[in-house]
Amino acid sequence: MLAFSHIILRSQTHHLISPLPICLAVQTSCAEMANATATAGMLSPHVPGMRTGGRDMARLGMVRCWCRARRGKVMCAAPPSSVNGDVLMGNDVSKPRRLPRVVGMGSKLIGCGSAVPKFEISNDDMAEIVETSDEWISVRTGIHKRRVLTGEESVKGLAIEAGKKALEMAHVEPDEVDLVILCTSTPDDLFGTGAQVHTALGCKNAWAFDATAACSGFLVGLITATRFIKGGGYKNVLVIGADSLSRYVDWTDRGTCILFGDGAGAVLVQATAAEEDGFLGFDVHSDGQGYRHLNAKTSVGGTKEVIPNTNGSINFPPKKPAFSFIRMNGKEVFRFAVSSVPQSIVASLEEAGLTNSDIDWLLLHQANWRIIDAVATRLQIPSEKIISNLANYGNTSAASIPLALDEAVRGGKVKGGDIIAASGFGAGLTWGSAVMRWQ
């Protein structure tokens, strides 16, 4: 059934004109209305007198939307949140998108794999390196041990092993893969390692690239994979999260060196019919104001004396570039995570048309147990629904979500049809979430 809602319009001179009825579906979302029309995101009735680019608000049953007149079409989307000047990290709260996403092929997760270094460092071992103890670390973080790359091991090697396992579980041959996304902030090569991984795996018909978003990296790669499937016609996308933050840790700083470990995890994302889509909703954000609280900046020195033919520059030629150690303000990062992550997960659930009670598993970036517990508490998700392997591996950055997922699947926890709410968050600052169904 259809009903009339009214939009208050402004003329070119910005004077209010009479309310104009427009035919809209009662209590339906903008996305649902858009999907019912021939042109996604647009409603066909012409609205005389509305200037191009003009905006006003309408109530669609219980749904509030913004309307933009453009070339005789009325385009609807959700309104932006108000800005109150608060500069708290992550205060860019989750907002509905301005236009519905393009509808195309769906995506499903059909395989996973993981790999970790052989060398293990326990909390007691850490006590031999810095002033700490097993109790001090475990109580504050939930971590008991971690794995670290040594000898001939590499990020590339871990990524290859994880990728192979994911392909094997998915029963997909390497030459059937269309795209390989390597999510890492610590590639073996400055220019990226994804192409080397894709070649070593034998994905000869695919192309590859690296995605860098720190601890949110895997989530970004996963969302990117679904967009290539939905809008690009890709069938099989291998997403790998692999990092070695042990290379950038100050092993004399007990505030950071106790947290990080190395590892890799992978999933195979495959195209499916739209009605069978297992990727139900997502939400992503970034806030550069918070980078100062978690970073590993480049450190490039310069010469002390002026060199001829340098136009007086004292910083040329530069010394060998390097990255500084990871620097983190733990209290600020904690505040950011426990505030922003629950909001993002709720936004993803709303897009999926689900509630907290529909979640079978909560899978967060494995940064700190206090963060995981705080987020679960805010979402009212019981501890038995939390997937975590933080105690055994520490914070493995982009590898943490797929590594934990792989262990949960192979351990029989996660079963076909289970709904997983996942969230990544970290340096950048970047954060986001996705609600998906394991196939």
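Me: Which residues of helix H8 (residues 369-379) are buried?

Reply: In this predicted model, the buried residues of H8 are Ile 371, Ile 372, Ala 374, Val 375, Ala 376 and Leu 379. What covers them includes helix H7 (330-352), strand E19 (361-364) and strand E20 (419-426).

Me: Why is Cys 183 called buried?

Reply: The relative accessible area of Cys 183 is 0%. The word buried applies under 20%, so Cys 183 is buried.

Me: What makes Cys 257 count as buried?

Reply: Cys 257 likewise has a relative accessible area of 0%. That value lies under the 20% limit, and therefore Cys 257 is called buried.

Me: How many disulfides does the rule give?

Reply: A disulfide is a covalent bond between the sulfur atoms of two cysteines. The rule asks for a pair of cysteine sulfur atoms within 2.5 Å, and the count comes to 0 disulfides.

Me: What makes the approach of Asn 368 to Arg 370 a polar contact?

Reply: At the start of H8, a side-chain oxygen of Asn 368 comes to within 2.7 Å of the backbone nitrogen of Arg 370. Just after H8, Gln 380 has a positive phi of about 60°.

Me: How do you know that strand E10 (residues 179-183) pairs with strand E12 (residues 236-244)?

Reply: Pairing requires at least two bridges. E10 and E12 are joined by 5 bridges and run parallel, so they pair. Leu 182 has Ile 240 in E12 as its bridge partner.

Me: In what order do the 5 strands of the open sheet stand?

Reply: The order is E7-E13-E12-E10-E11, with mixed pairing. Strand E7 (106-115) and strand E11 (207-211) are the edge strands, each pairing on one side only. Helix H6 (residues 217-232) packs on this sheet, touching E7, E10, E11, E12 and strand E13 (262-272). Helix H10 (residues 400-410) lies across E7 and E13, at about 90° to E7.

Me: Why are E14 and strand E21 (residues 430-437) said to pair?

Reply: They share 7 bridges in the antiparallel sense; at least two are needed, so the strands pair. Phe 282 stands opposite Ala 434 in E21.

Me: Which order does the open sheet of 4 strands have?

Reply: Its order is E14-E21-E20-E19, and the pairing is mixed. The edge strands are strand E14 (279-286) and E19. From one strand to the next, the twist averages 10°. H6 packs on this sheet, touching E14, E20 and E21, while H7 lies across E14, E19, E20 and E21 at about 35° to E21.

Notes. Residues are numbered from 1 along each chain as its sequence is written. This is a predicted model: local features need pLDDT of at least 70, side-chain atom pairs count only at pLDDT 80 or more; totals for chains, interfaces and linings use all residues. Side-chain values use heavy atoms; hydrogens and water are left out. Buried means under 20% relative accessible area, exposed over 50%, partly exposed in between (1.4 Å probe, protein chains only). Contact means heavy atoms within 4.5 Å. A polar contact is a pair of N or O atoms within 3.5 Å; within protein, one must be able to donate a hydrogen and the other to accept it, and residues adjacent in sequence count only if both atoms are side-chain atoms. Axes are lines fitted to C-alpha atoms, for helices over the stretch in contact, and angles run from 0 to 180 degrees between N-to-C directions.
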